Amino acid sequence: MGVSSVSKSKVITGDAGYILEDVPHFSDYISDIPTFPNPLKTHPAFTVVKQYFVHDDDTVVQRVIAHKNSPRGIHFRRAGPRQKGYFEPDEVHACIVTCGGLCPGLNTVIREIVCSLYHMYGVKKILGIDGGYKGFYSRNTVPLSPKVVNDIHKRGGTILGTSRGGHDTAKIVDSIYDRGINQVYIIGGDGTQKGASFIFEEIKRRGLKVAVAGIPKTIDNDIPVIDKSFGFDTAVEEAQRAINAAHVEAESIEYGIGVVKVMGRYSGFIAMHATLASRDVDCCLIPESPFYLEGPGGLFEFVEKRLKENGHMVIVIAEGAGQELLTESQLSSGEDASGNKLLRDIGLWISQKIKEHFTRTNKMAINLKYIDPTYMIRAVPSNASDNVYCTLLAQSAVHGAMAGYTGFTIGLVNGRHSYIPFHRITEKQNKVVITDRMWARLLSSTNQPSFLSAKDVVEDKGEDERLPHQMLPNGQPDSDNLVREMCSS
Ligand SMILES: Nc1ncnc2c1ncn2[C@@H]1O[C@H](COP(=O)(O)OP(=O)(O)OP(=O)(O)O)[C@@H](O)[C@H]1O
Ligand SMILES: O=P(O)(O)OC[C@H]1O[C@](O)(CO)[C@@H](O)[C@@H]1O
Ligand SMILES: [Mg+2]
C-alpha cells in the first residue's frame, strides 16, 4: 500500500463561512485500500430502520446560536455507521485500554465496545490491555467477549485496570504491530487523548492500517468541545449523598459547619453542579473563582453572617480551589507519574483555617465536620443516563473505526455524536466561566459573595490575568464555553 503524507489538521471549507474540522481517514495516507459493504445492511435489527446510515456529508455544527448574517462556523463530522466499511469482520483484531483516574461508566464503555463489535459487526478478536498504556508492552492481554463483559457495567472501576505514566509511543506501536492489532480503542482523559494522538501519528508515519479511536473520560468534565463527559452526571448525583450528610451534621448542632471536598483539579464543574442540584449548599468554592479569607467580603465574614442567620452552613470546595492562597511551602510538591501536579488537601486546609479563625476571634463556638467523598464519588458504577450515554459513545467509536476513520475522539456536540480531531480536545481545558450565566445562577442560589470586587481593588489585577481561560489566545471569547453556556440557558 502506498503511503502519502497528510496535513496535521484536515480542514474543509464551504459556502457562507462553513468550516469542517475533519478527522483523518485511512484513505488520506493509504492508497488502493479495499472497501466492503457494511454488515449492518443485512443485520435483522437495523434493516428496518429508515436512513440508518449516516450520509457522508452529514456534519454537526459547533455553535448552535447564530445571527442572521453570522458565518456557518465550525462543524465536525457526524458519527454513526457508514454504508462502506474498511474492514472485513474477520480481519479485525481490536484492543481496548483504559488510562488515567477512575470514572463511573468505564466498564460500560468497555462492555459496549465489545458488544457492538461482536453483535453488530461480527468481530470476534478483541483484547483488553491490562493496566493502561504501560500494559501494551509490560503485561499480558485479556481476551474479551460478550460473555466476559456481560455484567461489568454494574461495577465501578475498570475491569482492565488503569495507570498513570508509562506512555512510550514507540513501544506501544511496536506492541500493536507485533500483536496484529488493527483497531485501538483508548478510553481516558486529556493526558490519555494526547497519548492517543501520538500513537495515531506514529501509526500513520509507519503507514499501518490501524484505526485509533479515543473515548474521552474525565470525571472533572474538563474536556473542551464536548457537551459533557460520561460519568459526570453520576458523579454529581453521588456528591449529593455527601452534601446531604454534611447538611444533616451541620443542622443538628449549634453553629454546625459541613465542609465537603469534591474532585476538580482545574475545573469546578462537579462542585458547581452538585451545589446547584442540592440547594443545601451555602458556599461553593472552585478553582476558577479566586477567593480570600479575611476582611470585608471575605469567606470568614460570610461564614459568620450565615451562621448568625441560619445557625449552620455547608461549604462545597473543589480540590483545585484556593491554590493561590497557599504559600510556597504549603503547596504540595511533586507530580504523579503522568506529570500532573499533586495538590494539597484543600478541604482539610480550609477547615483548619475556619476553626483557627473562630478560636482566634472567639466569636462563636463552631462545630465543623469535614467530609472527603472524592474517591467514593469516582468509584461507583454509572447511573442509568450515563449508561445510555456510554453505550452510544462506544457504538459511535466502533462505527467510526469500521468506516476507516482514525485519529479521532468521539463526543457529543450539541446533542449529536461527532468525530472530533484529537488536537481540538487536547489543546486546552474546559473550565467554568465565572462571568457566564451558570455561575451567576449559582451565586444567586447560594447568595455567597462573588469574591471578585474586593480582590479587584486590593490586587488591581486585569481581567485577562485573573481569568485567562475566558479568552482564546487571539483575544476572542472562548466560543466552546459560550456554546456550552448558551446551551444551558
Ligand atoms: N502529553 C502526553 N503525551 C503522551 N502521553 C501522555 C501525555 N499526558 C499523559 N499521557 C499518558 O496518558 C495516560 C493518562 O494520563 P493522565 O494520568 O494525565 O490521566 P488523564 O488521561 O488525563 O485522565 P484524568 O486526568 O481524567 O485522570 C498516562 O499513561 C500518561 O503517561
Ligand atoms: O487517582 P489519582 O491519581 O489520585 O487522581 C486524582 C485525580 O484524578 C481525577 O479524578 C481525574 O483527573 C482528578 O479529579 C483528581 O485530581
Ligand atoms: Mg487529566
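Before we look at what surrounds the ligands, a word on sorting residues: Ala, Val, Leu, Ile, Met, Phe, Trp, Tyr, Cys and Pro count as nonpolar, Asp, Glu, Lys and Arg as charged, and the others, Gly among them, as polar. With that in hand, let's walk through the structure, keeping in mind that this is a predicted model.

Start with ligand 1. Its shell holds 21 residues, and the closest of them are Gly101, Gly165, Asp190, Thr192 and Ser338. Sort that shell by the scheme above and you get three nonpolar residues, 13 polar ones and five charged ones. If you'd like to know where these residues come from, look at helix 6, which spans residues 190–205: with six residues, helix 6 gives the most to the shell around ligand 1.

Now zoom in on some contacts. Asp190 works through its side chain instead, with a polar atom 2.5 Å from an oxygen atom of ligand 1. On its own, ligand 1 would expose 620 Å², and the protein buries 84% of that.

On to ligand 2. Around it you'll find Arg164, Ile219, Asp220, Met263, Gly264, Arg265, Glu319, Tyr375 and Arg378. By class, that shell has three nonpolar residues, one polar and five charged. Both domains turn up again: domain 1 (2–229 + 382–426) and domain 2 (235–380 + 434–463) each supply at least three residues to the shell around ligand 2.

Side chains reach oxygen atoms of ligand 2 in several places. A polar side-chain atom of Arg164 is 2.9 Å from one such oxygen atom, while Glu319 has a side-chain N or O atom 2.6 Å from an oxygen atom of the ligand. For Tyr375, the distance from a polar side-chain atom to an oxygen atom of ligand 2 is 2.4 Å. As for the space ligand 2 takes, that is the largest pocket.

Methods: Residues numbered from 1 in each chain as written. Chains lettered and ligands numbered in written order. Predicted model: local features only at pLDDT ≥ 70, side-chain atom pairs only at ≥ 80, totals over all residues. Heavy atoms only, no water. Near = heavy atom within 4 Å. Polar contact = N/O pair within 3.5 Å; in protein donor to acceptor, adjacent residues only side chain to side chain. Areas by Shrake-Rupley, 256 points an atom, 1.4 Å probe, with all protein chains shown as cover. Helix = DSSP H or I, 4+ residues; strand = E, 2+ residues; numbered from the N terminus. 1 Å grid on protein atoms, 1.4 Å probe; cavity = no way out; pocket = protein on both sides within 12 Å on 5 of 7 lines; lining within 4 Å. Sits in = over half its atoms within 2 Å of the grid points. Domains from an automatic or database assignment.
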